[in-house]
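Have a go before reading on.

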Amino acid sequence: MNKQPWPENYVEQRAPSATNISDFRAILESSADERPMQSYLSEVPTFLRQLLPGAQDYWCFDRPSFGGELIPDFLLCYRNSRGFNWAYVEIESPTKPALNKSGRPAANLVEAQAQISDWRDWLRGNIAYARDHLKLAGIDAEAQGLVVIGRRSHLVPKHALKYRS
C-alpha cells in the first residue's frame, strides 16, 4: 500500500460494510436527486472503488475543479503496472431513468455524457496545467467516463443490454 502522491484522497482496500450497504440502500430509496448520493459516496468512497479494475492503490477526488471551469462529481485514480489510470464519474439521480421508453438514452444520461465530453475537451487543452498545477499525475483526457444513473430495477428487461453499453 502506497498512499502517495495523494494520501488525503487514498481509499483503503476494503469492501463496503453491511452497515454501509444498508445506509446506501436507504439513501437510494429516499433520494429525489443525486445530492444525498454524492454526499454519502464522498464519505464512503469504497463504493466507488468497485467501479474500477482491481489494483493495489486507489484515490478518490470529490468534486475536483478543472481550472475553476468544470467540476466532475468524482475523479478516480488507480495505480497498476501501467502507472496511474483515471476515471471520471458523473452521478445522476437514482429516480431518473437511463433510457426512455423506446430504449434510447434519456435526456439526463445524454447530459451526463456531454459533461464527460466537456471534461475531456478541457483536459485536451489544459493537460499540462492539470498535471503540473493540479498535481494530477498521469491524467489523460481519454480516461474512462462513468455515469451512475437510475436504478437497475426500473429498467425494461429488453433494454437492459443497452444500459450496460
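**Exercise 1.** Find where Glu-92 sits, and work out which side chain of opposite charge is nearest.

Start with location: Glu-92 is in the loop that runs between strand E3 (83-91) and helix H4 (107-132), with helices (H or I, at least four residues) and strands (E, at least two) taken as DSSP runs numbered from the N terminus. A word on the model: it is predicted, so local features need pLDDT of at least 70, side-chain atom pairs count only at pLDDT 80 or more, and totals for chains, interfaces and linings use all residues. Residues are numbered from 1 along each chain as its sequence is written, and side-chain values use heavy atoms, leaving out hydrogens and water.

Next, the partner: Glu-92 is buried but has no salt bridge, and Lys-96, the nearest side chain of opposite charge, is 8.2 Å away. Buried means under 20% relative accessible area, exposed over 50%, partly exposed in between (1.4 Å probe, protein chains only). A salt bridge needs a side-chain nitrogen of Lys or Arg within 4 Å of a carboxyl oxygen of Asp or Glu. Lys and Arg count as positive, Asp and Glu as negative; His and the chain ends are not counted.

**Exercise 2.** Which parts does the Glu-29 and Arg-151 pair tie together?

First, their side chains form a salt bridge (3.1 Å, N to O). Then place them: Glu-29 is in helix H1 (residues 18-30) and Arg-151 in the loop between strand E4 (144-148) and helix H5 (160-164), so the pair ties together parts 122 residues apart in sequence. Glu-29 is exposed, at 56% relative accessibility.

**Exercise 3.** Are Arg-79 and Asp-57 buried or exposed?

Both are buried, and their side chains meet in a salt bridge (3.3 Å, N to O).
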